[in-house]
Amino acid sequence: LLFIKKNYKNYNIFIKEHPNVMGLRPSSFYKSLKNNNKITVIPTYENSNYILSKIDCTLVWTGTVGFDSLIRGIPVVSFCKPYYAVGKRFMTIKQDTPINLIYRHIKRFNKKKIFKSEQLEIFKFVSKQLYEGNYKLHSDWSNKNPQYIKDVKKMASSCKHLFNYWF
């Protein structure tokens with residue numbers, strides 16, 4: 001929120017929280033956002049793909065919307081390095097990163113077509129993590145849950161032919 005408060009005058013900001021987080025913050029948080037006409041809070045049930053067609057950049061911590069953005073060629077900035085943090089379109093920032101650096105990053109890639117070769121590099125990077133078993137969709141994942149194990153095996157089986165191609 002500090003980053004948004006510091007920079008909201010420069011941009012129109014759309015906030016879409018993860019469904020598991022919505023409502024966990026104090027109501028004052030949402031009220032402060034609601035009272036600012038440069039900030040739009042998007043319902044958690046809204047399709048992210050529709051929103052991505054309307055934006056110039058995605059600011060994210062670890063959400064899959066960052067991955068969705070990257071493979072569509074939308075620049076991504078993040079305060080950490082999620083599982084898809086790869087390529088020139090991804091930028092890791094800090095609270096005190098100068099806004100002009102972030103703006104240059106956005107401008108560098110804004111509305112620039114992403115090529116299949118770049119998308120393949122992103123998929124290759126993510127696939128290596130899937131292969132090694134580092135990817136976690138959510139924090140309550142457990143190897144004691146038979147459905148989760150079944151899903152992981154299905155994922156691995158469906159990706160198997162890609163590993164022969166890439167590795």
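The model is predicted, so local features need pLDDT of at least 70 and side-chain atom pairs count only at pLDDT 80 or more, while totals for chains, interfaces and linings use all residues. Residues are numbered from 1 along each chain as its sequence is written, and side-chain values use heavy atoms, with hydrogens and water left out.

**Confidence**

- The protein chain has a mean pLDDT of 79, and 80% of its residues reach 70 or more; pLDDT is the predictor's confidence in each residue, from 0 to 100.
- Helices (H or I, at least four residues) and strands (E, at least two) are DSSP runs, numbered from the N terminus.

**Helix 4**

- Helix 4 (residues 64-71) is mostly covered, with six of its eight residues buried; here buried means under 20% relative accessible area, exposed over 50%, and partly exposed in between (1.4 Å probe, protein chains only).
- Those buried residues are Gly66, Phe67, Asp68, Ser69, Leu70 and Ile71.
- Just after helix 4 comes Gly73, with a positive phi of about 90°.

**Helix 5**

- In helix 5 (residues 99-109), the buried residues are Ile102, His105, Ile106 and Phe109.
- They sit on the same side of helix 5 because they cover an arc of only 95° around the axis, the arc being that of the directions from the helix axis to the C-beta atoms.
- Arg104 and Lys107 are exposed on the other side of helix 5.
- Lys111 follows helix 5 and has a positive phi, near 65°.

**Salt bridges**

- Side chains of opposite charge can pair when their charged atoms come close.
- A salt bridge is a side-chain nitrogen of Lys or Arg within 4 Å of a carboxyl oxygen of Asp or Glu, and by this rule the count comes to two.
- Glu17 counts as buried at 10% relative accessibility, whereas Arg25 is partly exposed at 37%.
- The side chains of Arg89 and Glu118 also meet in a salt bridge (2.7 Å, N to O).
- Arg89 lies in the loop between strand 4 (76-78) and strand 5, and Glu118 in helix 6 (residues 116-132), so this pair ties together parts that are 29 residues apart in sequence.
- Arg89 is buried, with a relative accessible area of 3%, and Glu118 is partly exposed at 23% relative accessibility.
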